[in-house]
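The entries follow the order in which I looked things up.

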Amino acid sequence: SQGKMARDMSDIDILKMELEQLKKEVSTPREPVSKTSKDIMDWCEAASGTDLLITGVPDDKNPYKPEKGGCIIT
Amino acid sequence: MCDQTFLAITFGPCDSCSENRPLMNLYIKTEPINYCSLCMEIMACQGLASGETLKSLKAESETLRKKLEEERKKLHDVELEKVAEKAEALGELNMKTRRTLKGHGNKVLCMDWCKDKRRIVSSSQDGKVIVWDAFTTNKEHAVTMPTTWVMACAYAPSGCAIACGGLDNKCSVYPLSLDKDENLAAKKKSVAMHTNYLSGCTFTNSDMQILTSSGDGTSALWDVESGQLLQSFHGHSADVLTLDLAPSETGNTFVSGGSDKKANVWDLRSGQNVQSFDTHDSDINCVKYYPSGDAFASASDDSTCRLFDLRADREVSIYSKDSIMFGAASVDFSLSGRLLFAGYNDYTINVWDVLKGTRVAILFGHENRVSSLRVSPDGTAFCSGSWDNTLRIWA
């Protein structure tokens with residue numbers, strides 16, 4: 001949809017737009033933090049085995065180790 | 001007019017059009033309404049007997065804002081940090097610079113990884129865009145844009161093209177060829193046209209569409225082949241500085257952050273702003289989705305990074321310290337979402353434990369602001385770009 005930019009709208013139009021937005025947001029479904037943050041944590045723990053920056057990677061498997069002694073500029 | 005009206009004439013700002021005019025002080029039932037004669041006629045014609053004045057709209061807005069706050073508060077039954085007490089503590093992290101990519105002649109403003117996990121595209125203030133092999137540090141392609149301050153660049157999912165733009169107000173796509181001598185600029189395609197600088201760009205799930213953010217206050221979705229505008233997103237009241245697309249499994253949304261201190265979540269198809277967060281005290285420079293798609297992190301000039309939970313519809317964590325006084329410019333999550341890497345204007349990179357809210361490491365090395373930071377697609381390393389003209393790979 002081609003909406004107007006805020007600077008092209010009159011004060012009443014801006015207020016009406018904000019009001020419409022607020023009405024939508026008030027009726028947005030929400031869940032309690034006790035549930036959602038537990039889900040965030042569980043997802044994180046389930047994926048932790050694959051997080052190489054935490055588990056580390058043996059030098060012979062990591063393309064960035066060992067360090068190169070300088071860099072090549074072509 | 002109802003038969004309880006009576007008129008008196010005064011001069012002042014009209015409640016409807018805000019112009020200073022002779023006012024008809026009208027009383028509808030007992031509510032005083034000050035309209036100029038023109039607006040009164042319009043109102044009479046439109047039958048707005050309830051008097052939709054600036055005042056009444058403002059009052060309704062205020063009531064809804066309070067209701068929104070109440071609804072959000074009800075669900076704030078615990079802190080993330082409390083829930084995270086059960087999480088295992090992180091071991092010591094051993095990260096350092098493994099590669100330094102030198103070749104830009106000026107500030108590096110943006111970078112992005114290729115899906116092949118080894119190539120990187122970076123763009124700088126002097127208009128140069130370079131494609132690197134991060135394993136060998138070799139430069140594979142270079143193109144000079146006809147503009148300075150190339151603030152945004154992105155790698156196409158296929159690895160066969162890059163997109164970039166900045167002060168030219170455009171986003172252009174360059175197909176990459178295997179022939180390194182080929183003149184990339186010859187095949188350039190202009191895709192997006194904004195009315196102010198391009199601050200961010202990303203391909204969607206294919207090479208066919210690009211999402212852009214701009215200093216003109218809007219974000220937009222474009223068809224690459226035709227350059228056609230597919231959808232535009234209005235709602236920020238100042239420059240949009242950053243955007244990030246939700247992980248593909250979680251549906252068609254993206255988040256944007258702006259100079260208006262707000263982070264907005266948008267539906268790609270409808271163009272609607274579905275959620276909005278305004279707890280930052282200054283410009284939001286970067287937003288990134290948590291890997292599950294249920295949250296996102298932000299980096300701001302107010303020197304904090306924050307985590308916003310999309311299902312609880314609120315901010316759930318602040319990553320900050322009194323000793324960190326400079327703006328945060330860029331953030332990204334490690335693969336599991338446990339670590340948040342953040343680059344700051346004080347030249348450092350801070351690594352945060354996302355769940356526990358604590359800082360687990362500070363990385364030194366850059367000699368100027370860290371402007372851009374991204375974890376590689378397989379999570380083995382992350383790359384940072386800086387105003388010291390270099391990029392560093394950390395692992």
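**Entry: a cysteine in a loop.** I began with Cys160(B), which sits in the loop that joins β9 (152-155) to β10 (161-165) of chain B. The model is predicted, and I read every value below as computed from it.

I asked next: is Cys160(B) buried, partly exposed or exposed? Its relative accessible area is 44%. Buried would need a value under 20% and exposed one over 50%, so Cys160(B) counts as partly exposed.

I then looked up what Cys160(B) touches, leaving out residues up to four places away in sequence. The list is Tyr174(B), Pro175(B) and Leu176(B).

**Entry: chain B as a whole.** I counted the secondary structure of chain B and noted 31 strands and 3 helices. The C-alpha trace of chain B spans about 85 × 55 × 35 Å along its principal axes. Chain B has 395 residues, and 56% of them are buried.

I checked the contacts in chain B with a separation of 6 or more, and 42% of these join residues 24 or more positions apart. For the surface, I wrote down that chain B exposes about 16500 Å², with 49% of that supplied by carbon and sulfur atoms.

**Entry: where chain A meets chain B.** How many residues of each chain are in contact with the other? I found 53 in chain A and 79 in chain B. The two chains bury about 5800 Å² between them, and carbon and sulfur atoms account for 63% of this area. Three residues, Arg30(A), Leu53(A) and Tyr64(A), supply 15% of what chain A buries against chain B, more than any other three.

In one salt bridge the side chains of Asp39(A) and Arg311(B) meet at 2.6 Å, N to O.

Which helices of chain A each give at least two residues to the side that touches chain B? I noted α1 (11-26), α2 (33-47) and α3 (52-55). The most comes from α2(A), with 13 residues. Sorted by type, the residues on this side of chain A are 23 nonpolar, 18 charged and 12 polar.

Key. Residues are numbered from 1 along each chain as its sequence is written. Chains are lettered from A and ligands numbered from 1 in the order in which they are written. This is a predicted model: local features need pLDDT of at least 70, side-chain atom pairs count only at pLDDT 80 or more; totals for chains, interfaces and linings use all residues. Side-chain values use heavy atoms; hydrogens and water are left out. Contact means heavy atoms within 4.5 Å. Buried area is the accessible area (1.4 Å probe) that two parts lose on being put together, summed over both. A salt bridge is a side-chain nitrogen of Lys or Arg within 4 Å of a carboxyl oxygen of Asp or Glu. Helices (H or I, at least four residues) and strands (E, at least two) are DSSP runs, numbered from the N terminus. Ala, Val, Leu, Ile, Met, Phe, Trp, Tyr, Cys and Pro count as nonpolar, Asp, Glu, Lys and Arg as charged, and the others, Gly among them, as polar. Buried means under 20% relative accessible area, exposed over 50%, partly exposed in between (1.4 Å probe, protein chains only). Accessible areas come from the Shrake-Rupley method with a 1.4 Å probe; for residues, only the protein chains shown count as cover.
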